[in-house]
Amino acid sequence: LNTVVKYALWIRNNLKKERSEEEIDAAGFELMPEVKALLDKHLDPKNDPSLAIRSVYGRWFPWLVLLDRKWAGENCEKVFQENGLRGRVAWETYVTHCEPYDIVFDVLKNQYERAIEHLHEESLTKGLGREPREALAEHLMALYWRGKTGFGDPADLIAAFFKKASPELRGHALAFIGRVLPRYEEVDVKIIQRMKNLWEWRIATIRQSGDRKEYTEELSAFLQWFASGHFEDNWAL
């Protein structure tokens, strides 16, 4: 099935020689019906109950969105939720192996919400690579960085994540931003403002709680933010 997806991407790449990208996107799997037939067949657990096969759909989901966004949108529930065990394997494979692309987030926002709701459940793929909950935290911080999601609204992903996450996981999320910031010589002022808003929100939450020990991991994460040099001195100090 890995090869099937690679084959589909090879077809798409070659179609660019004779069609516009808009035409290819609009047609999707109509241009490669044999690929759709195989994907549909193996997505049905009656035909293929394998957890390993379901992980392939998670691993390649961003590319399935690229190949046929309509198909991906219509089938994301089957990939990530049908029969909880297979759905969780697909999700954990996706979140630990894929970057958080904006267009894929638009398709999977409900799945991100569900992942936050089940944040305290033990990972099925623990010890096999990246920790799924940490990978989710990094996805959410990257999406927030790019303005795809915000905080402050009780229904928002960022607010929901910080409410559900353990102290260690909250600290990991903020430390991730601190590790990313030094990679850039310059950061857009709008992004810097979003980062400042996030930090000020967390500080306000900590002050309201009155329990600094609960937030030690978050507070210590600011070291990397401070050292990045991207914030004006008065604010950073």
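Colleague: What span should helix α11 have at 1.5 Å a residue, and how far apart are its end C-alpha atoms?

Modeller: This is a predicted model. Helix α11 covers residues 167-180, and its 14 residues should span 20 Å. The end C-alpha atoms are 20 Å apart, which agrees.

Colleague: How many of its residues are buried?

Modeller: 11 of the 14, so α11 is mostly covered. Among the buried ones are L169, R170, H172, F176 and V180.

Colleague: What covers them?

Modeller: The cover includes α9 (132-145), α10 (157-164), α12 (189-209), α13 (216-220) and α14 (222-228).

Colleague: Switching to aromatics. How many pairs are there?

Modeller: The structure holds 21 aromatic pairs. W63 and Y101 form one that is edge-to-face, 6.3 Å centre to centre with 80° between the planes. W63 is in helix α5, Y101 in the loop between α7 and α8, and they sit 38 residues apart.

Colleague: Is W63 buried or partly exposed?

Modeller: Partly exposed, because its relative accessibility is 24%. Y101 is partly exposed too, at 37%.

Colleague: And what is the geometry of W145 and Y184?

Modeller: That pair is tilted: 5.8 Å centre to centre, 40° between the planes. W145 lies in α9 and Y184 in the loop between α11 and α12, so the pair ties together parts 39 residues apart in sequence. W145 is buried at 12%, whereas Y184 is partly exposed at 42%.

Colleague: Which residues form the aromatic cluster?

Modeller: F61, F80, W91, Y94, F105 and Y112 form one cluster.

Colleague: Where does R202 lie?

Modeller: Over the face of W201, 4.8 Å from the ring centre. R59 lies over the face of W60, at 5.3 Å.

Conventions: Residues numbered from 1 in each chain as written. Predicted model: local features only at pLDDT ≥ 70, side-chain atom pairs only at ≥ 80, totals over all residues. Heavy atoms only, no water. Helix = DSSP H or I, 4+ residues; strand = E, 2+ residues; numbered from the N terminus. Expected span 1.5 Å × (residues − 1). Buried < 20%, exposed > 50% of the residue type's maximum accessible area, 1.4 Å probe, protein only. Contact = heavy atoms within 4.5 Å. Phe/Tyr/Trp six-rings, centres within 6.5 Å; stacked < 30°, edge-to-face > 60°. Lys NZ or Arg CZ within 6 Å of the ring centre and 35° of its normal.
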